[in-house]
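This briefing is meant to be read with the coordinates open beside it. The points are grouped by topic, beginning with the chain as a whole.

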Amino acid sequence: PDPAVPAAPSILRRSRARRGGKRVRFAQVTVYYFARRQGFTCVPSAGGSSLGMAPRHHRARRYSLSQFAHLRQVSHRQHLRQHLRREKLRARRRELTQNGTVPSAEAAGLTLADVSDDDLDVGQVEVGDYFYLQPLPTKRRRALLRASGVRRIDAEERQELRALRLSREQCGCHCRLTCEPRTCACSQAGIQCQ
């Protein structure tokens with residue numbers, strides 16, 4: 001190499017220098033709160049009354065990262081308690097109805113208020129391992145909508161959602177080995193044969 005020509009800087013040295021350079025750091029979390037509305041944009045796995053949200057938020061709050069982490073942990077623990085409470089109530093009702101074979105007036109009269117925090121084994125479940133979005137039964141979705149001020153729940157949505165679920169079960173066409181454009185649903189829809 002010619003000593004008059006400076007050597008090109010090493011790629012390895014440049015990447016090491018960049019590592020200690022600029023970094024993105026977050027200091028706050030902004031949470032936007034929306035009122036619940038009937039959804040029309042999601043398809044629950046069963047029933048009608050999908051949950052959605054209003055087009056505009058009604059409140060916003062800023063939290064530090066540690067405050068937000070604490071808030072999420074408290075929220076997840078509350079959800080876990082409610083879930084365990086419902087499971088305990090179902091188990092008690094099963095016991096009182098002789099494994100579901102004989103209805104019992106005592107079992108029918110039990111409510112979530114009858115399950116105390118002492119009956120729950122929250123300490124045995126790691127909140128981080130447990131928490132994920134739980135599907136809600138139709139009754140709970142309707143109750144959430146009504147509690148949020150939704151006065152009229154569109155009953156036609158139930159049939160629309162059922163039709164969507166059925167259409168999603170049948171995907172593609174019935175062609176085997178070769179495509180028959182005259183009978184192929186994909187070809188008639190203008191897409192490649194599935």
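**Overall picture**

Among contacts in the chain between residues at least 6 apart in sequence, 62% join residues at least 24 apart. The model is a predicted one, and its chain has seven helices and four strands, which follow one another along the sequence in the pattern α-β-β-β-β-α-α-α-α-α-α.

**Confidence**

- The mean pLDDT of the chain is 78, with 77% of its residues reaching 70 or more.
- Among the elements of the chain, strand 4 (residues 59-64) has the highest mean pLDDT, at 95, whereas helix 1 (residues 11-19) has the lowest, at 57.
- Where pLDDT is low, the predicted coordinates should not be read in detail.

**Burial and surface**

- Of the 194 residues that make up the chain, 20% count as buried.
- The chain exposes about 15,900 Å², and 52% of this area is supplied by carbon and sulfur atoms.

**Helix 5 and what covers it**

- Helix 5, which spans residues 138-147, has Thr138, Arg141 and Leu145 as its buried residues.
- Seen down the axis of helix 5, these buried residues fall within an arc of 65°, and they therefore line one face of the helix.
- Lys139 and Ala147, by contrast, lie on the other side of helix 5 and are exposed.
- The cover over the buried residues of helix 5 includes strand 2 (36-38) and strand 3 (51-53).
- After helix 5 comes Gly149, a residue whose phi is positive, near 95°.

**Cysteines**

- A disulfide is a covalent bond between the sulfur atoms of two cysteines, and the structure holds zero disulfides.
- Cys184 is in no disulfide, and the nearest cysteine sulfur, which belongs to Cys179, is 3.8 Å away, whereas a disulfide would require the two sulfur atoms to be within 2.5 Å.
- Cys184 is also buried, with a relative accessible area of 0%.
- For Cys186, the closest cysteine sulfur is that of Cys173, and because the separation is 3.8 Å, the two are too far apart for a bond.
- Cys186 likewise counts as buried, its relative accessibility being 4%.

Notes:
Residues are numbered from 1 along each chain as its sequence is written. This is a predicted model: local features need pLDDT of at least 70, side-chain atom pairs count only at pLDDT 80 or more; totals for chains, interfaces and linings use all residues. Side-chain values use heavy atoms; hydrogens and water are left out. Helices (H or I, at least four residues) and strands (E, at least two) are DSSP runs, numbered from the N terminus. Buried means under 20% relative accessible area, exposed over 50%, partly exposed in between (1.4 Å probe, protein chains only). Contact means heavy atoms within 4.5 Å. Accessible areas come from the Shrake-Rupley method with a 1.4 Å probe; for residues, only the protein chains shown count as cover. The arc is that of the directions from the helix axis to the C-beta atoms. pLDDT is the predictor's confidence in each residue, from 0 to 100.
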